[in-house]
Amino acid sequence: QVQLLESGGGVVQAGGSLRLSCTASGSFSTYAWGWFRQAPGREREFVAVLSRIGDAGYYADFVKGRFDISSDNDKTTLYLQMNDLKPEDTAVYYCAAGSGSYYSYEYKYWGQGTQVTVSS
């Protein structure tokens with residue numbers, strides 16, 4: 001059983017930065033892991049994913065050049081460095097482990113989410 005726990009959310013002004021962390025327990029070496037987000041009244045959407053071997057990150061177009069996904073070497077913590085934040089980045093951010101695709105239904109394990117609020 002894999003458990004994921006996010007941290008690092010908060011309130012920041014537009015143009016600011018936050019770093020989210022996701023700590024994993026249990027073995028999931030066969031999964032990729034990444035970040036999704038969900039704003040009020042909107043569907044959950046893909047943000048970024050790290051490949052299974054951790055050598056490449058893939059990003060949604062709306063965060064390219066602003067967000068960076070990474071993990072530690074033993075694959076126990078996943079990070080999302082978020083720079084130049086915009087009010088439209090306001091959402092609950094979820095860590096997930098699964099296929100590595102852009103589709104949330106292909107992810108088996110989810111954290112509880114962490115709130116990110118960007119004020120203008």
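Which residues touch the most other members of the largest nonpolar core? They are Leu4, Trp33, Trp35, Leu80, Met82 and Tyr93, in a core of 35 residues. The model is predicted, so local features need pLDDT of at least 70 and side-chain atom pairs count only at pLDDT 80 or more, while totals for chains, interfaces and linings use all residues. Residues are numbered from 1 along each chain as its sequence is written, and side-chain values use heavy atoms, with hydrogens and water left out.

**Core and strands**

- A nonpolar core is a set of buried Ala, Val, Leu, Ile, Met, Phe, Trp, Tyr and Cys residues joined through side-chain atoms within 4.5 Å.
- Buried means under 20% relative accessible area, exposed means over 50%, and partly exposed lies in between (1.4 Å probe, protein chains only).
- In soluble globular proteins, nonpolar side chains tend to be buried together.
- At least two residues of the core with 35 members come from each of the strands E3 (18–25), E4, E5 (45–50), E7, E8, E9, E10 and E11 (114–119).
- Strands (E, at least two residues) and helices (H or I, at least four) are DSSP runs, numbered from the N terminus.
- E11 has Thr114, Val116 and Val118 on a covered face, and Gln115, Thr117 and Ser119 on an uncovered one.
- In a regular strand the side chains alternate between the two faces of the sheet.

**Strand pairing around E11**

- Two strands pair if DSSP finds at least two bridges between them.
- Strand E2 (residues 10–13) runs parallel to E11, with 4 bridges, and Gln13 has Ser119 of E11 as its bridge partner.
- E9 and E11 run antiparallel and are joined by 3 bridges; Tyr93 stands opposite Thr114 in E11.

**Salt bridges**

- A salt bridge is a side-chain nitrogen of Lys or Arg within 4 Å of a carboxyl oxygen of Asp or Glu, and by this rule the count is 5.
- Asp89 forms one with Arg37, with the closest N and O atoms 2.9 Å apart.
- Asp89 is in the loop between strand E8 (77–82) and E9, and Arg37 is in strand E4 (residues 32–38), so the pair ties together parts 52 residues apart in sequence.
- Asp89 counts as buried because its relative accessibility is 1%, and Arg37 is buried as well, at 6%.
- Arg66 also meets Asp89 in a salt bridge, at 2.7 Å from N to O.
- This pair links distant parts of the chain, 23 residues apart: Arg66 lies in the loop between strand E6 (57–59) and strand E7 (67–71), and Asp89 in the loop between E8 and E9.
- Arg66 counts as buried, at 10% relative accessibility.
- Asp84 and Lys86 form a salt bridge of 3.7 Å, N to O; Asp84 is partly exposed at 38%, and Lys86 is partly exposed at 28%.
- Through salt bridges that share partners, Arg37, Glu45, Arg66 and Asp89 form one network.

**Loop between E9 and E10**

- Tyr103 is in the loop between strand E9 (91–98) and strand E10 (107–110), and Ser101 lies in that loop between E9 and E10 too.
- Ser101 is buried at 15% relative accessible area, whereas Tyr103 is partly exposed at 47%.
- A polar atom of the Ser101 side chain lies 3.0 Å from the backbone nitrogen of Tyr103.

Conventions
A polar contact is a pair of N or O atoms within 3.5 Å; within protein, one must be able to donate a hydrogen and the other to accept it, and residues adjacent in sequence count only if both atoms are side-chain atoms.
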